[in-house]
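Look at the fold below and keep it in view while reading.

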Amino acid sequence: MLNIALPKGRLGDQVHEIFSKIGYECAAIYENDRRLVLESPENNVRYLLVKPSDVAIYVEYGAADVGVVGKDILLDANPDVYELLDLGIGKCRLAVAGPEDYVEDRDRVLRVATKFQTVTKKYYSSLNREIEIVKLNGSIELAPILGLTDVIVDIVESGKTLKENHLKVLQTIVPVSARLIANRSSYLFKNDLITQMVKKLEEVLHQ
């Protein structure tokens, strides 16, 4: 049986819809209960419903054979997994944003609010820009509004939240989408199952 770490929420719904098309449907997902492990013996698949930011951890440590996770998380956490396929869903971008009237003062340290510390450090290091990171996990748009930081680094989808808070995208760091990842041992010992899954996904995604 193939163990799949499925991100909870809208992305997970999209992923299951795609997986259903290639024979990995799990009827229990539609039952709307609180179970976190859902099996479909007839399709030889078991879904583990996990927080999106934890998918890579479950896959890296072998609790799941494969999983679907945003490229932003892969870049920031750098888990020891195989990245197999870009599913082309959950598209957004990791970007620097600040007040609409923002003008950078390059004579002082730039203060940045983000939960993506690794990516942020690497990005500004490439620009030879000295920064101070303020780690925030939610309502990050508040930081520049209240003067806590100069800018933020966060996921931007439509940009509507930024606009409503009088912020704008200043730079795009990297485009983001959902990726299929695999545990290294599983890829070795369940190679036929995983390779078959990837092949079927590629066929569906290219239709």
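The second largest pocket has a lining of 17 residues, and Leu-6, Asp-13, Ile-29, Leu-38 and Leu-49 lie nearest its centre. A pocket is an open set of points on a 1 Å grid over the protein atoms alone, where a 1.4 Å probe fits, with protein on both sides within 12 Å along at least five of seven lines; lining residues have an atom within 4 Å of a point. Strand 1 (2-7) and helix 1 are the elements that give two or more residues to this lining, and helix 1 has the largest share, 3 residues.

This is a predicted model, in which local features need pLDDT of at least 70, side-chain atom pairs count only at pLDDT 80 or more, and totals for chains, interfaces and linings use all residues. Residues are numbered from 1 along each chain as its sequence is written, and side-chain values use heavy atoms, without hydrogens and water.

Helix 1 also takes part in the lining of the largest pocket, where strand 4 (66-70) and helix 3 (71-77) are among the other elements that each supply at least two residues. Closest to the centre of that pocket, out of 46 lining residues, are Asp-72, Ile-73, Lys-115, Phe-116 and Ile-155.

How does helix 1 sit against helix 8, and at what angle do they pack? The angle between helix 1 (residues 10-21) and helix 8 (residues 191-205) is about 100°, and their axes are 9 Å apart. The two helices are therefore roughly perpendicular, a term for angles of 65 to 115 degrees. Ile-18, Phe-19 and Lys-21 of helix 1 meet Met-197, Leu-201, Val-204 and Leu-205 of helix 8, where contact means heavy atoms within 4.5 Å.

Methods
Axes fitted to C-alpha atoms, helices over the stretch in contact; angles between N-to-C directions. Helix = DSSP H or I, 4+ residues; strand = E, 2+ residues; numbered from the N terminus. Parallel < 35°, antiparallel > 145°, perpendicular 65-115°, else oblique.
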